[in-house]
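Trainee: Could we go through this structure together? I would like to begin with the surface and then turn to the ligand.

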Amino acid sequence: MDGKHTAGKCPVMHGGMTALGTTVMDWWPNALNFDILHQHDIKTNPLGKDFNYREELKKLDVEGLKNDLRALMNESQEWWPADWGSYVGMFARVAWHSAGSYRLADGRGGGGTGNQRFAPLNSWPDNVNTDKGRRLLWPIKRKYGNKISWADLMILAGTIAYEVAGLKTYGFAFGREDVWHPEKDTYWGAEKEWLAPSDSRYEDITRPDTMQNPLAAVQMGLIYVNPEGVNGQPDPMKTAAQVRETFARMAMDDEETAALTAGGHTIGKSHGNGSPSDLSPEPEAADVEYQGIGWMKTNGRGIGRDTMVSGIEGAWTSNPTKWDMGWFDMLFGHEWELKKSPAGAWQWEPVDIAEEDMPVDVEDPSIRCKPIMTDADMAMKVDPTYNAICQKFMKDPEYFSETFARAWFKLTHRDMGPKVRYVGPDVPAEDLIWQDPIPSVDYTLSDAEIADLKSKLLASGLTSAELINTAWDSARTYRGSDMRGGANGARIRLAPQKDWAGNEPERLAKVLKTLEGIQAGLAKKVSLADLIVLGGTAAVEKAAKDAGVNITVPFAPGRGDATAEMTDAASFDALEPLADGYRNWQKDDYVVSPEEMMLDRTQLMGLTAPEMTALVGGMRVLGTNHGDTRHGVFTDRVGQLTTDFFVNLTDMAYSWKPAGDNLYNIVDRKTGETKWTATRVDLVFGSNAILRAYAEVYAQDDNHEKFVKDFVAAWTKVMNADRFDLAA
Ligand code: HEM
């Protein structure tokens, strides 16, 4: 409490307690943050649990909306005048900054949730004046209401901006559902200061690939690189290396990166007429009279030609509201020298330029202004690879436009997951490899056929643990952050997944061979992806029955088998589970503890803490270890879906002795005998107060019924997490 809002001096609270005071995480910074698993609860969603965005979209007047956006681009508002009477630069940047926070490593960030409305992104130094963009969009948002999400609207506005400027865009898909709260799971860096020097997020700043994972921006509060240079020191070669790395971290190659940078700055301008110290606080810190708007000039105009954003001042091209080759003409047609902007920022200006080639002032066309380049633009000229790509674009402007349009589509849709999630009339027909395409199947299976397949799978000679593990390993790659991975596609049989240490390649190869044998003998073609899941499902059902609980585990056929040609193998590396219950495969040193890694994976899989508890407790009695068969079980009744994991974990008859390498022996206190081996993550379910409370609920469940029901529900959720085709 800051005491500001309390009534009187009595130490007992009299008013609403809205400030948090000292939290559990403040007292114990290493406490597990379960909040990340319980975000975006229905209670925070004003649209309620019955709201279905995909249904609402069906009612959207798409053409009307697009026409309104087209008109908006040229309707300058007095409160925030458009540069040269056009907002195309503004809305392209709003969309790019919305999408551009995406990173491949954990799939978080990006334009898929409308998170630019909330902290910290709404107040990042790099997002100055995106708040104005959203206010300019508000009348349109209001008109179409819940039929269009903010997330979709921001991306569509950027796409229409390019269309209005003259680009033939590649397409657009609706389908991004808004969040209603800031995200709690996204790690944006450890720095406590905006734009703190880059160094702390690199092992070695001269080697951009040593940037801490999963980060993809060079400084706290930036989308990508510092426009003035590494740590604000201009040097285009050094900036080139950082641009390459940051763009690669959102899955963009050199050609896409050059196209995006060139095309990005073909329209719009930089704003640096003023001083950052004259601006009101960012939205999150602004006082109520600012009504959520930040960065307003507190003295002078602060609009039009006096706008202040990055501090860099000027347009890149002679014709900044038109899609043309102007950026190339400017950059490659002149020599450039370092200058300081009116705000004191480093920028590149042409050594020599004819008056008529200069862009005009945003308010008065009779005034000509010097064009500029950022250090990142200069990088496209000095770096030999980027330079060669730009030469190709200059020779073939149509190729440039097409490459940009495709890269823009990828930038703004990459975090939407598979194409079946795309909605609307402008969805391109073409399948793109980064959408992780999966062929659709045309068979159905009757209950009798499913029962027959289950018997075949259980009689195949594979153990229940092998069947369950393979299904789990296949499904656990799913992450809700960008809807990638999962059992659909059976990519577990392809590189790189088939070789991941966590998938125990030898065991996996044996299981797959057996399943392929079964598949080959079937009269009806059933995908391997379905057989993998059904194998695990049949084994779970049997394990429940062996524990005295009869339950049918739901199974929905319809998964397809992707091929190697449909798989961008390199981009699947990011889906590899980095740790199991006790070990980090990738590094000897633990970047985060196994239990934190478990929490992270759980969040990405979209599970709650109780669901995670049921799953781990089940896996540990079924003969598997969080997807790894190598480290024993926690029960004498291996393979039966009992609550033994929880019973044994909470039983004071045993003690828990470290056995090295994050493994522990469970020792009978009386006899001194080591009964079982546990991992660090197992013991967390007994040691962490919250998880222990969940564990106790199951330890009390003598007949296993609640546990089995919960396990099956969580299992089914994981197996179907990627079945967007069922919802579509
Ligand atoms: C390579 C890294 C990039 C850097 C360092 C960078 C830097 C900047 C800076 C400093 C500004 C000026 C902001 C202001 O003062 O108003 C700007 C504006 C802009 N950027 Fe970028 N940018 C990059 C990439 C991109 C990409 C990939 C796109 C889109 C595909 C893009 C689109 C734009 C647009 C449209 C504007 C104009 C905004 C306006 O007119 O208000 N930029 N960028």
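Mentor: Let us begin with a term: a patch here is made of residues with over 30% relative accessible area and no salt bridge, with like charges joined within 9 Å. Please also keep in mind that this is a predicted model.

Trainee: Which residues gather in a patch of negative charge on the surface?

Mentor: The patch consists of D329, E355, E356 and D357. One of these residues, E355, sits in the loop that runs between β4 (346-350) and α10 (375-382).

Trainee: Turning to the ligand, what is the protein donor of the iron atom?

Mentor: The NE2 atom of H265 is the only protein donor of that iron, at 2.1 Å. H265 belongs to the loop between α8 (254-264) and β1 (269-270).

Trainee: Which residues does the UniProt domain feature cover?

Mentor: The unreviewed UniProt entry places "domain: Plant heme peroxidase family profile" at residues 148-424. In the model, that span is 31% helix and 5% strand, and its end C-alpha atoms are 12 Å apart.

Trainee: A change of topic: where are the cis peptide bonds?

Mentor: One joins A119 and P120, with omega about 0°; P120 is in the loop between α4 (88-99) and α5 (130-144). Another joins A495 and P496, also with omega about 0°, and P496 is in the loop between α14 (464-475) and α15 (505-520).

Trainee: What is phi of N129?

Mentor: Its phi is near 75°, a positive value in a residue other than glycine. N129 is located in the loop between α4 and α5. Most residues other than glycine have a negative phi.

Key. Residues numbered from 1 in each chain as written. Predicted model: local features only at pLDDT ≥ 70, side-chain atom pairs only at ≥ 80, totals over all residues. Heavy atoms only, no water. Patch = residues over 30% accessible without salt bridge, like charges linked within 9 Å, V, L, I, M, F, W, Y side chains within 5 Å. Areas by Shrake-Rupley, 256 points an atom, 1.4 Å probe, with all protein chains shown as cover. Salt bridge = Lys/Arg side-chain N within 4 Å of Asp/Glu carboxyl O. Lys, Arg positive; Asp, Glu negative; His and termini not counted. Charge placed at Lys NZ, Arg CZ, Asp CG, Glu CD. Helix = DSSP H or I, 4+ residues; strand = E, 2+ residues; numbered from the N terminus. Donors = N, O, S within 2.8 Å, 3.2 Å for Na, K, Ca; no water. UniProt positions renumbered as here; feature names shortened; annotations may be inferred.
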